[in-house]
Amino acid sequence: VRPSPSRPSVHLHPVRPSISIPSIRPSIRLSVRPSVRPPNPNASLSLRADLTHTSGYESPIREIGAGCFGHSRMLPPPPPATLKLPELPNSAAQRQQPRKGVKKPSEDIRKGGQGESKTSKRKGKQISSSLVDRIKALAWRGRYTLAERYPVTVGKKMFHLQQTVCGERKGLGTGSTVWDGGQILSKFIEFKYDQDEKFFNGKTVIELGSGTGIVGLVAGILGAKSVTLTDQKQILHLTKTNIEQCAREGNDDSILDRVSCAEYNWGDNATGMGAPFDLVLVADCIVPKLYPMEPLVDALLKVSGINTTILICYDHRINSEVDPRLKFRSLCEDAGFVFKIIPRREWHPDFRLDDCYIWELKIRMNDKDEI
């Protein structure tokens, strides 16, 4: 600061005070122990927090409730003395007696005869068929979904289907892998063949949305006169590859003559492919969030005749906007089909799922046909 006549000079010196603060590194010990106060009905778990400094000084802070630090809420009081607790069974005979108020599984839990109860012969207990079906499904459901080759067994024959995992990301759509509905429907028609070996004799078959072609190929192995696997153009190379693998691994060259693949967009004229067909197979094609249902119903009309039987396997998926089961049935009935639910007791015993359905459709001949 320069001196001036009216202002005295002031000299400022920098001051750097040094403060020494001892470093204290406290360690916290938490110990949980029950409070020993039997007469108090609100006795709860107490928590003691002790703070120990590095100097060795130890000081108890306080005792708090069992909730959290700073919260002194106690546990609820014990039940009144008048409350009677249930007595535990003392003998094995008492433990085997059914409890009062517990209902046994009914004979028909769900619509369409699904969920019948079964009896275990070894223990004599009632168990639901739904639980039995879930246990059996562990052997096959989702087991080969991510595999490049999907094994298929039909009687004594076995072949593999080529798959493309996550085909929807590669522009192939959702048909590049085998889904649960395709496996269930293929085993259903095999089960029908086991009951009647003439089921496929002389029949012409078409599969809509075949993808890998599992259902149609099984129909071809079981003796169908001709099988046409249809899908969109971008996935037919996979379908053709599986036809060749089925013929080669199954040692059946007639598959190449009786099974073919063709491009077909739902709703187009199908007379050029040989419509009407005797049997129409559809599996895992009802996905309202991806594909509208109206073109599929229109396609069913184009490939069907008065003697055509349509078998559809639907894997139910939750849809917040519409129930696909009710919507599809309504569309089919409005189009002139007789809609029938095939009960699960008629399915293959090892391939049943609660969230899958098999429907049979036929063209209504007159108003007296059951809807």
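**Reading backbone and core features**

Tutor: Let's start at Asn-251, which you'll find in the loop between α5 (236-249) and α6 (254-258). Keep in mind that this is a predicted model.

Student: OK, what is the phi of Asn-251?

Tutor: General idea: most residues other than glycine have a negative phi. Here, Asn-251 isn't a glycine, yet its phi is positive, about 55°.

Student: And is Asn-251 buried or exposed?

Tutor: The cut-off for exposed is over 50% relative accessible area. Asn-251 has 71% relative accessibility, so it counts as exposed.

Student: Where does Asp-284 sit, then?

Tutor: In the loop between β11 and α7 (293-302). Asp-284 is not a glycine either, and its phi is positive, near 55°. Buried means under 20%; Asp-284 has a relative accessible area of 14%, so it is buried.

Student: Which residues does a cis peptide bond join?

Tutor: As a rule, most peptide bonds are trans. In this model, Ala-275 and Pro-276 are joined by a cis one, with omega about 5°. Look for Pro-276 in the loop between β10 (259-263) and β11 (279-283).

Student: Now the inside. Which members of the largest nonpolar core touch the most other members?

Tutor: In soluble globular proteins, nonpolar side chains tend to be buried together. The largest core here has 41 residues, and Ile-189, Phe-200 and Leu-281 touch the most other members. Helix α4 (residues 214-221) gives the largest share, six residues. Apart from this core lies another, of 27 residues, including Leu-208 and Val-297.

Student: What does Ile-189 touch?

Tutor: Leaving out residues up to four places away in sequence, its contacts include Phe-200, Val-215, Leu-281 and Leu-311.

Conventions:
Residues are numbered from 1 along each chain as its sequence is written. This is a predicted model: local features need pLDDT of at least 70, side-chain atom pairs count only at pLDDT 80 or more; totals for chains, interfaces and linings use all residues. Side-chain values use heavy atoms; hydrogens and water are left out. A nonpolar core is a set of buried Ala, Val, Leu, Ile, Met, Phe, Trp, Tyr and Cys residues joined through side-chain atoms within 4.5 Å. Buried means under 20% relative accessible area, exposed over 50%, partly exposed in between (1.4 Å probe, protein chains only). Helices (H or I, at least four residues) and strands (E, at least two) are DSSP runs, numbered from the N terminus. Contact means heavy atoms within 4.5 Å.
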